[in-house]
Amino acid sequence: MTQQPRYRRVVLKASGEALMGQQGFGIDVNVVDQIARDIASVRELGVEVGVVIGGGNIFRGVAVASKGGDRVTGDHMGMLATVINSLALRTSLHKLGVDAVVLSAIAMPELCESFSQRQATAYMNAGKVVIFAGGTGNPFFTTDSAAALRAAEIGADALFKGTQVDGIYSADPRKDPNAVRYERLTHEQVMRENLQIMDAAAIALARENNIPIIVFSIHEEGGFKDILLGAGRCTIVEN
Ligand code: UDP
């Protein structure tokens, strides 16, 4: 294992569901603390880290739309959920002494700063962990797309997608014992074979901007750092 990290600046995307742990809803602080420890250990390598957290553990816009409600309002509620999660992660990072800031795509100055590409880049250059809250700020998008967008905006070298399993498999490894994990795929293959790892808009944006996507298990403590050091289990998606 080399001690030189593979990438200098990365964006980590964690789904809201990952924060639930074994619960059916909301935030398990132990899980958030673990993700914060993983981020802290990556920061210690000198890697600059931006983070996008989903909101699915609290609210998804489609839940309103599927019950005949207004999708746009539902998506606003979903984006607010990502702010709640982002504040939880900032708290866990601060507990570890990691300098972290939340930048929201939707202005809420009493709670956190608003996102701008300039401010985000300045904070990252200064070594702060930047948590991008509020998704893209627009309805009909997802936090996967927000992660790809922010990665492109801040010039990230890679997008780390933390999931429930340690990579992209030929079938669901929790259901099919013969499922095999891919070591490497192209963005094109992921799109063509419709591998459900991120939504199509996110993959397309990453492909256009030549940003590798590294799919790994968010629950494997130390995995984020190991992969940056050239070890660990993951699937790498790159052009
Ligand atoms: N959302 C949105 N625009 C965005 C990002 C998110 O409207 O740019 C809303 C949408 O309703 C979504 C919810 O926020 O369902 C939570 O985000 P997401 O589903 O991506 O969270 P995850 O699945 O990663 O937990």
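Asp144, Ser145, Ala147, Ala148, Leu149 and Ala152 of helix H5 touch Ala201, Ala202, Leu205 and Ala206 of helix H7 (contact: C-beta atoms, placed from the backbone, within 7 Å). Those contact residues split into eight nonpolar, one polar and one charged (nonpolar: Ala, Val, Leu, Ile, Met, Phe, Trp, Tyr, Cys and Pro; charged: Asp, Glu, Lys and Arg; polar: the others, Gly among them). The model is predicted: local features need pLDDT of at least 70, side-chain atom pairs count only at pLDDT 80 or more, and totals for chains, interfaces and linings use all residues. Numbering starts from 1 along each chain as its sequence is written.

**H5 and H7**
- H5 covers residues 143-153 and H7 residues 200-208 (helices: DSSP runs of H or I, at least four residues, numbered from the N terminus).
- Their axes lie 7 Å apart, at an angle of about 15 degrees (axes: lines fitted to C-alpha atoms over the stretch in contact; angles: 0 to 180 degrees between N-to-C directions).
- H5 is therefore roughly parallel to H7 (angles under 35 degrees).

**Helix H3**
- H3 holds 25 residues, 71-95, and should span 36 Å at 1.5 Å a residue (1.5 Å times one less than the number of residues).
- The end C-alpha atoms of H3 are 36 Å apart, which agrees.
- Glycine 97 follows H3, with a positive phi near 80 degrees.

**Ligand shell**
- The ligand is surrounded by 23 residues (C-beta atom, placed from the backbone, within 6 Å).
- The closest are Gly54, Gly56, Gly61, Gly78 and Gly135.
- H3 gives the most to this shell, six residues.
- H3 and H5 each supply at least two.
- The shell divides into five nonpolar, 14 polar and four charged residues.

Technical notes. Parallel < 35°, antiparallel > 145°, perpendicular 65-115°, else oblique. Contact = placed C-beta atoms within 7 Å.
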